[in-house]
Amino acid sequence: MTTATIPFPAPAPWRRWLSTAAWVLGLGGMAAILLLHIESVQAARGIHGGFGFLFQPSGFRISESLLNVTPDDPYWMSIAAGLVNTLTVALVAIPLATALGIGLGLLGLSSHPLAARCAALVIAPLRNTPVLLQLFVWYGLLLRLPDLRQAWSPLPSVLLSNRGLALPAVHGWLPYAALGLAALALGWRARRRWGKPALYGALAVALLGWTLLPPLQLDLPVKRGLGLQGGWQPSIEFAALTLGLVVFHAAYIADIVRAAVRAVPVGLVEAGQALGLAPRHVLRLVIAPYAARVALPPYANQCLALVKNSTLAIAIGYQELMAVINTAITQTGLALEGIALAVAVYLTLALALGGGLSAWNARHTRHGPGDTHGARLGDRAQPLAGAGETQPWRRRLVSVAFTVALAAAGWALLDWAVVRGVWLGDPAACANAAGACWAAVGENLPLLVFGTMAEADRGPALAACAALLAG
């Protein structure tokens, strides 16, 4: 018995955007009506609002930005400089957090128990402590770096001190990058129609175009007097913010990677092994593509969260978008306009980033998830045990390396917290201490435990807490 289906014509591509355009126009119209009503109410009360302040001189300086902004420039240029700072943090932190998260996630899936436990030991504290607290910790640690005269140089022409990071800068790279991306995009689309020669031809055209562009200029940081000249010199605040966001969100991305790999059907892996694929090819051609499709939606959420968490930079003195808008609100008193502008900018960033990742997700899932039945790799005791076995001597070498690393980290923590820690005396005794200052903790213990509570109320508060814990 056969069933007949009625073929319906596919909707035109432009019809798919009608609902989106209708929602955008409707919400935009509602927002415009609301703003006009608020402006009329303000005008009736003698409050001169509106967004005309954007074209007035800002009167404050942006200490660090890729845009050269002076106090005589209008507010919109200062806000644009803050937006560039936010985008710079996002463009640097998202790839680093992704790479670190993938590494930690694969380490947590390792068949070596010591490696998996070390990954869990790193991920758990990072996930369960507030990101603002981590920013303060990284900022305090970076401020303890040596001064510029004794700057640490981990790589040639790379200097790290308590004044920030100095890196080599490449001038004139933007035309090269634009030409390369355009050639890669066009070549990739041509490859689907004419094969790999079209892609190679597009790359050859890009190489030819690069030869016609002006040469790149490498600018190296050099010590001059009491400061540095040349190169790219991000501040210590930028480094602390980037490092804190990278480490915090890498812990979440690691769990996303681990869960995505564990969600791969065992049948697909066994099919790849039955075809005679090597373990590394099973990992690259079977596990990685399926896990990437599973991990992409939660990974997109982490990218959006990283952009939004960059607003915490105001706590450590980095002038990103929200900090600049807060300064403008303080100077002009136009809180409603400033908050509306911040909402519009962050909503636009979220929609652009989320829409791009959503389109990518829809493109890679248009053929369906494949095998959705049966056991998953997470049902195995060691999900990646069959994808890459290691020799006994390699397992012993990994064990020795992790044992030495854990011992070194444990001794460094013990030396800082106990051996060189200051236990007695006033907080001033910790000024020249090289270890933990437990004396300051003891001095401020009532404030840390009870806050500003009156001394007469502390006894009943302790009794109430003890009763709650007992219950």
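Colleague: Where does Thr403 lie, and is Thr403 buried, partly exposed or exposed?
Modeller: In this predicted model, the place of Thr403 is in helix H12, which covers residues 392-419. Its relative accessible area comes to 46%. Buried would need a value under 20% and exposed one over 50%, so Thr403 counts as partly exposed.

Colleague: What is the C-alpha to C-alpha distance between Thr403 and Ala115?
Modeller: Along the sequence, Thr403 and Ala115 are 288 residues apart. In space, the distance from C-alpha to C-alpha is 9.7 Å.

Colleague: Is Thr88 buried or exposed, and which residues is Thr88 in contact with?
Modeller: Thr88 belongs to helix H2, residues 75-108. Its relative accessible area is 13%, and the cut-off for buried is under 20%, so Thr88 is buried. Setting aside neighbours within four places in sequence, the contacts of Thr88 are Leu66 and Phe238.

Colleague: How many helices and strands does the protein have, and what share of its residues is buried?
Modeller: The secondary structure comes to 15 helices and seven strands. The protein has 471 residues, and the share of them that counts as buried is 31%.

Colleague: What share of the contacts with a separation of 6 or more comes from residues 24 or more positions apart?
Modeller: Here we take the contacts in the protein with a separation of 6 or more. Residues 24 or more positions apart account for a share of 65%.

Colleague: How do helices H9 and H11 run relative to each other, parallel or antiparallel?
Modeller: H9 spans residues 279-309 and H11 spans residues 335-364, and their axes are 10 Å apart. The two helices pack at an angle of about 170°. Angles over 145 degrees count as roughly antiparallel, so H9 and H11 are roughly antiparallel.

Colleague: Which residues make that contact, and how do they divide into nonpolar, polar and charged?
Modeller: From H9 come residues including Arg293, Leu296 and Pro297, while H11 gives, among others, Tyr346, Leu349 and Trp360. The residues of this contact of H9 with H11 divide into 12 nonpolar, three polar and one charged.

Colleague: Why can we say that the buried residues of H8 line one face of the helix?
Modeller: Helix H8, residues 266-274, has Val266, Val269 and Gly272 as its buried residues. Seen down the axis of H8, these fall within an arc of 125°, so they line one face. What covers them includes H9.

Colleague: Which residue just after H8 takes a positive phi?
Modeller: The phi in question is about 85°. Just after H8, the residue that takes this value is Gly276.

Colleague: What is the order of the strands in the open sheet, and which of them stand at the edges?
Modeller: The open sheet has three strands with antiparallel pairing, in the order E1-E2-E3. E1 and E3 each have a single partner strand, so one side of each is left without a neighbour in the sheet. From one strand to the next, the twist averages 25°. The edge strands are therefore E1 and E3.

Colleague: Which residue of E2 is the bridge partner of Trp152?
Modeller: E1, residues 152-155, and E2, residues 158-161, pair over two bridges in the antiparallel sense. They form a hairpin with two residues between them, and Ser157 in the turn has a positive phi of about 65°. In E2, the bridge partner of Trp152 is Leu160.

Methods
Residues numbered from 1 in each chain as written. Predicted model: local features only at pLDDT ≥ 70, side-chain atom pairs only at ≥ 80, totals over all residues. Heavy atoms only, no water. Axes fitted to C-alpha atoms, helices over the stretch in contact; angles between N-to-C directions. Helix = DSSP H or I, 4+ residues; strand = E, 2+ residues; numbered from the N terminus. Parallel < 35°, antiparallel > 145°, perpendicular 65-115°, else oblique. Contact = heavy atoms within 4.5 Å. Nonpolar A, V, L, I, M, F, W, Y, C, P; charged D, E, K, R; others polar. Buried < 20%, exposed > 50% of the residue type's maximum accessible area, 1.4 Å probe, protein only. Arc of directions from axis to C-beta. Pairing = 2+ DSSP bridges.
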